[in-house]
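This report covers side-chain contacts, strand pairing and surface features. The structure comes first.

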Amino acid sequence: MTEEQVRVNQASQLRLMWWKFKRHKVALASGIFLAVLYGMILICEFLAPYDLHTRNVDFIYAPPQRIHFFHEGEFVGPFVYGRTMTLDMDTLKRNYADDTSKVEPIRFFCRGDDYRFWGLFESNLHLVCPAEGGQLFLLGTDRLGRDVLSRIIYGARISLTIGLLGITVSFVLGIVIGGLAGYHGGIFDLVVQRLIEVLQSIPSIPLWLSLAAIMPATWSPLLIYLGITVILGLLDWTGLARAVRSKLLALREEDYVLAAQLMGARSGRIIGRHLVPGFMSHLIATATISIPGMILGETALSFLGLGLRPPITSWGILLTEAKSVSVIAFYPWLLFPTIPVILVILAFNFLGDGLRDAADPYK
């Protein structure tokens with residue numbers, strides 16, 4: 001055999017999966033993109049130019065500012081021009097215009113708004129800050145003068161983690177219930193299948209709304225966050241449980257399952273150690289599809305006012321600012337939170353395609 005063939009034959013399963021995954025360029029790029037996003041949520045206080053609740057009352061509904069590098073033919077570096085505001089007395093709309101006489105350089109690794117890093121440590125260090133006495137609104141401001149870019153960065157922490165926590169709840173329920181139903185069958189399987197049919201027959205959005213509405217208004221934002229996570233997980237396990245059951249019905253008749261039973265292995269070990277790894281590619285594809293579905297679910301509930309509530313900030317909460325058609329017509333930058341939602345969902349789908357193919361590297 002050639003050196004390449006020897007290297008392939010001696011490689012471990014994980015290494016073979018990694019080699020195949022790397023050949024899927026779109027999936028690899030999506031994985032890097034998601035890894036960067038999930039890394040950013042760990043330091044969102046540092047990355048955001050402003051604190052989450054900082055208000056700039058003189059710049060309400062300010063449009064996005066453009067970054068410039070040259071002023072009057074001379075290189076200055078990244079900067080924005082100052083803003084002047086006039087009020088249209090007929091429509092009461094604020095009109096902003098750049099004041100080219102005010103050059104406001106963008107500062108990096110600078111001191112700005114105070115914040116508590118993860119609620120533990122006091123700090124005021126930011127990656128990007130406006131000029132001294134200036135403003136920096138790269139994605140505009142909302143009705144309270146809060147920076148949209150900073151709120152999108154903070155909102156990513158909630159919107160991205162709620163999908164991971166929800167899929168954890170869903171996977172535990174789906175694999176355990178579906179695995180026991182498929183492995184043992186009988187009355188338990190019959191009851192589980194009827195329960196799944198009942199849950200899947202209920203329209204998802206009204207069920208979301210009813211479950212979200214029963215959460216007490218007196219709950220703290222943290223309890224509401226955990227409640228929404230559990231709701232999304234409880235409603236998503238049925239499809240996975242049915243898929244696990246169908247796979248285990250076929251695999252439980254294999255000789256290696258009988259050998260494990262004769263050696264005294266318990267049901268939990270047989271399911272977790274021998275049966276579930278046999279269709280891991282399907283589980284990976286299901287996870288990468290379910291996570292964006294849960295992100296969309298949280299966004300929809302929050303947009304309708306029955307999900308997360310302020311002061312918690314998520315991408316769905318931010319989109320509540322754009323409920324009115326008139327607001328969208330005058331201030332279209334309030335729709336910017338939809339961009340990360342779309343990009344994350346596409347990235348998860350592409351990543352799922354790559355992982356599904358890589359999970360079976362011998363094909």
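## Salt bridges

Glu321 and Arg146 form a salt bridge, with their closest N and O atoms 3.4 Å apart. Glu321 sits in the loop between α12 (315–319) and α13 (325–330), and Arg146 in the loop between β5 and α5, so the pair ties together parts that are 175 residues apart in sequence. Glu321 is buried, at a relative accessible area of 15%. Arg146 is buried too, at 10%. A salt bridge here is a side-chain nitrogen of Lys or Arg within 4 Å of a carboxyl oxygen of Asp or Glu. Buried means under 20% relative accessible area, exposed over 50%, and partly exposed in between (1.4 Å probe, protein chains only). Helices (H or I, at least four residues) and strands (E, at least two) are DSSP runs, numbered from the N terminus.

The model is predicted: local features need pLDDT of at least 70, side-chain atom pairs count only at pLDDT 80 or more, and totals for chains, interfaces and linings use all residues. Residues are numbered from 1 along each chain as its sequence is written, and side-chain values use heavy atoms, with hydrogens and water left out.

## The salt-bridge network

Glu132 is exposed, at 67% relative accessibility. Arg107 is partly exposed, at 24%.

## Cysteines

The structure has one disulfide, defined as a pair of cysteine sulfur atoms within 2.5 Å. It joins Cys110 to Cys129, with an S to S distance of 2.2 Å. The link is right-handed, with 105 degrees about the S-S bond. Cys110 is in strand β4 and Cys129 in strand β5 (residues 121–129), so the link spans distant parts of the chain, 19 residues apart. Both cysteines are buried.

Cys44 is buried, at 1% relative accessibility.

## Aromatic contacts

A search of the whole structure finds nine aromatic pairs. Rings of Phe, Tyr and Trp (its six-membered ring) pair if their centres lie within 6.5 Å; planes under 30 degrees apart count as stacked, over 60 as edge-to-face and the rest as tilted. Phe46 and Phe109 form a tilted pair, 6.1 Å centre to centre, with 40 degrees between the planes. Phe46 is buried, at a relative accessible area of 17%, whereas Phe109 is exposed, at 59%.

Phe330 and Tyr331 form another tilted pair, at 6.2 Å and 45 degrees. Phe330 is partly exposed, at 42%, whereas Tyr331 is buried, at 12%. Elsewhere, Tyr50, Phe59, Tyr96 and Phe137 form one aromatic cluster.

Strand β1 (residues 68–71) and strand β2 (residues 74–88) pair in the antiparallel sense over three bridges. Pairing requires at least two DSSP bridges between two strands. His71 has Glu74, in β2, as its bridge partner. The two strands form a hairpin with two residues between them. In the turn, Glu72 has a positive phi of about 55 degrees.

## A nonpolar surface patch

Leu42, Ile43, Trp118, Leu120 and Phe121 form a nonpolar patch on the surface. Together they have about 520 Å² of accessible area, from the Shrake-Rupley method with a 1.4 Å probe; for residues, only the protein chains shown count as cover. Patches are made of residues with over 30% relative accessible area and no salt bridge: like charges are joined within 9 Å, nonpolar side chains (Val, Leu, Ile, Met, Phe, Trp, Tyr) within 5 Å.

Leu42 lies in the loop between α3 (25–40) and α4 (44–47). This residue is partly exposed, with a relative accessible area of 46%.
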